[in-house]
Amino acid sequence: MEIKTCVENQRTYFKTHATLSYAFRYEALTLLQRVIRDHELEIMEALKQDLGKSNFESYMSEIGIVLEELNYAKKYLKQWMKPQRVPTPLAQFPAVSFTLAEPYGVALIMAPWNYPFQLTLSPLIGAIAAGNCAIVKPSAYAPATSHLIAELLGTIYDENYIAVIEGGREENSELLQQRFDTIFFTGGVQVGRLVMEQAAKWLTPVTLELGGKSPCLVDASADIQLAARRIVFGKLLNAGQTCVAPDYILVDQRVKAPLIEALRSEIHRQYGTNPTLNENYPRIINEKHEQRLSEALAGQPILCGGLWNQHKLMPTLVDEPQPDSILMQEEIFGPILPILSYTHFSEALRFIEQREKPLAAYLFSENQKHQDRFLRECSFGGGCINDTIIHLATSSMPFGGVGQSGMGGYHGLASFNAFSHTKSIVDKSTWIDLPVRYQPVAPWKSKLLRKFMK
């Protein structure tokens, strides 16, 4: 079906109001939950084909997160859909005030390749829960997962309700020429700007989940061994192809040497002396990104790693790269971890503050004052103290960026809200009609007005 026709058909279907009831939304979420559980092994195989992910990592970072989101949405859906009472100003007496969430209509969800299952279906859960129709566009860089998503969703949903459009840049461009009621995009900053530019034609609201260079601070009070373990976990998940992976380390110079040694040790402990031979260590998505990472490493002072084997790059630590180098100017999106040192904690905070706001930031510290300053002075989408990445694996908090790392958030209630318009309603009583607000103006009305509105 042509893309334009698909959008038109979904708009027609949405106007039948079929998607609005609680029963319809709940059943649609249940169908998605069931098809994922029934095809778990096929999903894992697709992720292995596209990225070389192990079954363990595929479940932990993709399938499991989606199932958790589904459980959470089903549990709270009825509550989210109810009118939410709010206080009514005295000047509006007698009345009842409330807000009511309504679906935008037809949503476009554009997903990336790095977590091709999770980052396609997690937003879709929000769109379904909020009562929208949706067109889903998986990434062409992960073709096995894209094909499987199209197949699975096609078996449970009519395409007039939920449709999958596969393809590459041509399809992306054509989709962005259409009029949608909301757009949810996950990807890079450059394409994010294009999405926003196209959405502006129709004043379409957008949610942008982008990226950036997420810093990881390690101060002198940190538990170095534990910090290394958790940094290695967060950095090497999906071979560093994660939008919230620690992009560089800022470490107190007093503990730099032990941290480097601990990082080396943890890489070996978690992935072996040659991680490229470990079947649980994912590969780089394609040759384009292999070339990009190789160029970024050229001429850098490598502490360990840096070697390629079978489309896998060994975990690589880089010592003090120049601030104007590719490694420090662009999001790395691979298993390369620059390590920079600082003398004073304020210096590290200023280093972060002088750059674009990142999607995530991490601090390893037992110093409460440092923790407080980090949270107060550094602007970033979200993050952790004494861990990495795990803040996104909860449905109870929104996940999103700020500044060039994105706008809007999702997960749990935030996903529902991302695909909803909140209507504000005042239900005014008819049993009495106070004359204060009406013409003609009188001194006694002004006195009462000032008492009501102060």
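A word on ground rules. Because the model is predicted, local features need pLDDT of at least 70 and side-chain atom pairs count only at pLDDT 80 or more, while totals for chains, interfaces and linings use all residues. Residues are numbered from 1 along each chain as its sequence is written, and side-chain values use heavy atoms, with hydrogens and water left out.

Let's start with empty space. Rolling a probe the size of a water molecule over the atoms shows where such space is left. The search runs on a 1 Å grid over the protein atoms alone: a cavity is a set of points where a 1.4 Å probe fits but cannot get out, a pocket is an open set with protein on both sides within 12 Å along at least five of seven lines, and lining residues have an atom within 4 Å of a point. Grid points are joined across faces, edges and corners, and a volume is the space filled by probe spheres set on the points.

The largest pocket has a volume of about 1600 Å³. Its lining counts 48 residues, and the closest to the pocket centre are Gly187, Gly188, Val189, Gln190 and Val191. Which helix gives the largest share of that lining? It is α8, with six residues. Helices here are DSSP runs of H or I with at least four residues, strands are runs of E with at least two, and both are numbered from the N terminus. Among the elements that supply at least two lining residues each are α7 (169-176), β6 (182-186) and α11 (287-297). By class, the pocket lining has 22 nonpolar, 15 polar and 11 charged residues; Ala, Val, Leu, Ile, Met, Phe, Trp, Tyr, Cys and Pro count as nonpolar, Asp, Glu, Lys and Arg as charged, and the others, Gly among them, as polar.

Now to helix α9, residues 224-236. Several α9 residues are buried, including Ile224, Ile231, Val232 and Leu236; buried means under 20% relative accessible area, exposed over 50%, and partly exposed in between, with a 1.4 Å probe and protein chains only. What do the buried residues of α9 pack against? Their partners include β9 (248-252), α10 (256-271) and β14 (336-342), where contact means heavy atoms within 4.5 Å.

Val232, Lys235 and Leu236 are among the lining residues, which divide into nine nonpolar, one polar and one charged.

Last, the strands. Two strands pair if DSSP finds at least two bridges between them. An open sheet of six strands runs β5-β4-β3-β6-β7-β18, with mixed pairing; β5 (162-164) and β18 (406-407) are the edges, each pairing on one side only. Strand β4 (133-137) joins β5 in parallel through three bridges, with Val136 bridged to Val164. Elsewhere, β2 (95-103) runs antiparallel to β1 (84-86), and β2 also pairs antiparallel with β20 (420-428) over nine bridges.
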